[in-house]
Amino acid sequence: MLIGNVGAEPEVRYYEADQAVATVRLATNERGYLLPNGTRVPDRTDWHNLVFYRRLAKVVEQYVHKGDKLYVDGRLQYRRYDDKRGVEHTVAEIVVDTMEMLSGPRGE
């Protein structure tokens, strides 16, 4: 489960028989703090790759925008691919099963 802010407009692609997949970058933040010895630990932002399929992808396409706050629940998945130079990369993604929008409607 993650709660965070959408970093850019969702990317949505359609494939066979009107099925959709949406990808979103989500930022989660951890507030900084002060250690007992006076050392300041700075704020930390982590970026997560979210993947939505089928009906949920269509909801994301219609309603989710950059800056929106989301609650998501899903499972961690690793994907491997080779770039143009033949170098293998591994990407961690959250395949989202449940999403709740925590931002108010646009314009509020």
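Visitor: Which residue is the bridge partner of N5 in β3?

Guide: N5 is partnered by A27. Before we go on, this is a predicted model, where local features need pLDDT of at least 70 and side-chain atom pairs count only at pLDDT 80 or more, while totals for chains, interfaces and linings use all residues. Residues are numbered from 1 along each chain as its sequence is written, and side-chain values use heavy atoms, with hydrogens and water left out.

Visitor: What makes β1 and β3 a pair?

Guide: Two strands pair if DSSP finds at least two bridges between them. β1 and β3 have two bridges, in the antiparallel sense, so they meet that rule. The strands themselves are DSSP runs of E, at least two residues long, and helices are runs of H or I with at least four, all numbered from the N terminus.

Visitor: Which other strands pair, and in what sense?

Guide: β1 and β7 run antiparallel, joined by four bridges, with I3 partnered by Y71 in β7. β3 and β6 are antiparallel too, over 10 bridges, and there V21 has Y53 in β6 as its bridge partner. β6 and β8 pair in the parallel sense over three bridges, and L50 stands opposite I94 in β8.

Visitor: Why is E93 called buried?

Guide: Buried means under 20% relative accessible area, exposed means over 50%, and partly exposed is in between (1.4 Å probe, protein chains only). E93, in strand β8 (residues 88-101), has 8%, so it counts as buried.

Visitor: How do you know that E93 makes a polar contact with R79?

Guide: Their side chains come to 2.9 Å. The term asks for a pair of N or O atoms within 3.5 Å; within protein, one must be able to donate a hydrogen and the other to accept it, and residues adjacent in sequence count only if both atoms are side-chain atoms. So 2.9 Å passes the distance test.

Visitor: Why is A17 called exposed?

Guide: A17 has a relative accessible area of 72%, so it lands in the exposed class. The residue lies in the loop between β2 and β3, and its phi is near 55°, a positive value in a residue other than glycine. D18, also placed in the loop between β2 and β3, has a positive phi of about 65° although it is not a glycine.

Visitor: What makes a set of residues a nonpolar core?

Guide: It is a set of buried Ala, Val, Leu, Ile, Met, Phe, Trp, Tyr and Cys residues joined through side-chain atoms within 4.5 Å. The largest one here has 17 residues, and L50, F52, V72, V96 and M99 have the most contacts inside it. β3 gives the most to this core, with four residues. Leaving aside neighbours within four places in sequence, V72 is in contact with residues including L26, L50, F52, V96 and M99. In soluble globular proteins, nonpolar side chains tend to be buried together.

Notes. Contact = heavy atoms within 4.5 Å.
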